[in-house]
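Colleague: I would like a close look at one part of this model. Please take me through the pocket and what surrounds it.

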Amino acid sequence: MDQRIINLFDEYTHAPLTRKEFLTRLAKLTGSLTLAMSLLPLLENNYAQAATVVDKDIKAEDITYPGAEGVTMKAFQARPEGKKLGTVLVIHENRGLNPHIKDVTMRVAQAGYLAIAPDALSPFGGTPANEDEARALFAKLDAQQNLTNFLKGLEYLQKHKYGNRKTGCVGFCWGGALASQLAVHSPDLDAAVAYYGRQPDAADVPKIKAELLLHYGGLDERVNAGIPAFEQALKASNVKYQLFVYEGANHAFNNNTSPARYNEAAANLAWERTLDLFKRKLK
């Protein structure tokens, strides 16, 4: 697919671009509205592809935990049988808690961890089915309250009766940026994995105690622009990290429900590296 089309879709999903504006610009790129509409199934998420993990030995359930003052956080939890498990917070993209992220949470559990995926949109009642509505709600989140809600999620895991007090997080896109923020603000976090997430301010990097694993798509110019300053700050502060750029991969290359952007080879390699970090730091 023409990279200009993928870049336009990236702009639509991350900038204040209405669906009408997106379709108008897409029609100009493709030459007709009919052709533009025929490409949508390749660009938009198909959650029928989401359920890759079906495991009767994994206990999966919807839970709640106390968030910031006055907020009850909804979350999806999955874990294998057993106690004293390493724990992982899974952070969704800017579409909210959807079937794809629940599937990722199941993958983490299948690897032997207690995992929860909080719903950032809990203050609004939870993630709506319509993705445009969900994206619009992200602009209404209070940044400090949202950070507190996820820090409370880490506390929930650190005190969980089935946990071993070791905690990691993994986030994607919006969640990748938040994973880095959790590393900045939680001295008790052991490992943080950020997939194509916006980098924290360089001035905040010295606060990071967790080991970082950073995954970027080589074609993701928007997010990758922040890599040099971030990496310079990581080195200056002696933060332990690994950074990988997957050539030929787009933003959201891990999302197997997005056919145009999913890159199986990059996703599998990044996931293998993610589980290697969790094995070293959380077991």
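By class, how many nonpolar, polar and charged residues does the lining of the largest pocket have?

Modeller: The lining has 17 nonpolar, 11 polar and six charged residues. Here Ala, Val, Leu, Ile, Met, Phe, Trp, Tyr, Cys and Pro count as nonpolar, Asp, Glu, Lys and Arg as charged, and the others, Gly among them, as polar.

First, the ground rules. This is a predicted model, in which local features need pLDDT of at least 70, side-chain atom pairs count only at pLDDT 80 or more, and totals for chains, interfaces and linings use all residues. Residues are numbered from 1 along each chain as its sequence is written, and side-chain values use heavy atoms, with hydrogens and water left out.

Now the pocket. A pocket is an open set of points on a 1 Å grid over the protein atoms alone, where a 1.4 Å probe fits, with protein on both sides within 12 Å along at least five of seven lines; lining residues have an atom within 4 Å of a point. The largest pocket holds about 920 Å³ of space, a volume being the space filled by probe spheres set on the points. Its lining counts 34 residues, and His 14, Asn 94, Phe 138, Trp 174 and Arg 198 lie nearest the centre.

Which helices line it? At least two residues each come from helix 1 (3-14), helix 5 (131-138), helix 6 (143-158), helix 7 (174-185) and helix 8 (221-224). Helices are DSSP runs (H or I, at least four residues), numbered from the N terminus. Helix 7 gives the largest share, five residues.

Next, the domains. The domain assignment, automatic or from a database, gives domain 1 (3-43) and domain 2 (54-282). Both give residues to the lining, so the pocket lies between them. Their C-alpha centres are 27 Å apart.

The axes of helix 6 and helix 7 come within 10 Å and cross at roughly 70°. Axes are lines fitted to C-alpha atoms over the stretch in contact, with angles from 0 to 180 degrees between N-to-C directions. Helix 6 is therefore roughly perpendicular (65 to 115 degrees) to helix 7. Asn 146, Leu 147, Phe 150, Leu 151 and Leu 154 of helix 6 meet Trp 174, Leu 178, Gln 181, Leu 182 and His 185 of helix 7.

How values were computed:
Parallel < 35°, antiparallel > 145°, perpendicular 65-115°, else oblique. Contact = heavy atoms within 4.5 Å.
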